[in-house]
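Reader: I would like a close look at one part of this model, with the cut-offs spelled out.

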Amino acid sequence: MERPEFYRTKMRYFGDGVENSSGFTSLCVAIIISGVSGFAISYGSTWCVRVTSSTTYSMVGALNKLPIAIAGMLFFEDGKVTVANVSSVFIAFFGGLVYTYAKNRQKAESAKILPVTKQDVEYSKVQLDENPELKA
């Protein structure tokens, strides 16, 4: 009977000794944590797109790079701080603010409009015709 692949991999990389089993256990724990973390990130991304929109998710993905760009310019000597670099960060930040303002304004405008059907309008006309005191 052939041994399972999991067992053969353990024997190939860690041998049969007890002294190597902690390394194999650490590897298995790291693989499990990596898989769970990847699933959580994918689930969170999908949930974010469902709750907001794909455009908003894309904007958040682009805007979260701004602090990384600023930190790179400040802390690493390779990233030279030039006028072009700093202005591009500010333009991206300003674009994020404009998008947020437009999205909030769109949300406020859509909250003012009540969704009605043709039947609702006809029913309201009938109610107004039957009750003239409602017209005032």
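Where do Phe39 and Tyr43 lie, and how many residues apart are they?

Author: Both Phe39 and Tyr43 belong to helix H2 (residues 21-51), four residues apart, about one turn of the helix. Helices here are DSSP runs of H or I with at least four residues, numbered from the N terminus. The model is predicted: local features need pLDDT of at least 70, side-chain atom pairs count only at pLDDT 80 or more, and totals for chains, interfaces and linings use all residues. Residues are numbered from 1 along each chain as its sequence is written, and side-chain values use heavy atoms, with hydrogens and water left out.

The count of aromatic pairs is one. In that pair, Phe39 and Tyr43 are stacked, at 6.4 Å centre to centre with 25° between the planes. Rings of Phe, Tyr and Trp (its six-membered ring) pair if their centres lie within 6.5 Å, and planes under 30 degrees apart count as stacked, over 60 as edge-to-face and the rest as tilted. Phe39 and Tyr43 are both exposed; that label means over 50% relative accessible area, while buried means under 20% and partly exposed lies in between (1.4 Å probe, protein chains only).

As for cysteines, Cys28 counts as buried because its relative accessibility is 19%, whereas Cys48, at 21%, counts as partly exposed. The disulfide count is zero, where a disulfide is a pair of cysteine sulfur atoms within 2.5 Å.

Methods: Helix = DSSP H or I, 4+ residues; strand = E, 2+ residues; numbered from the N terminus.
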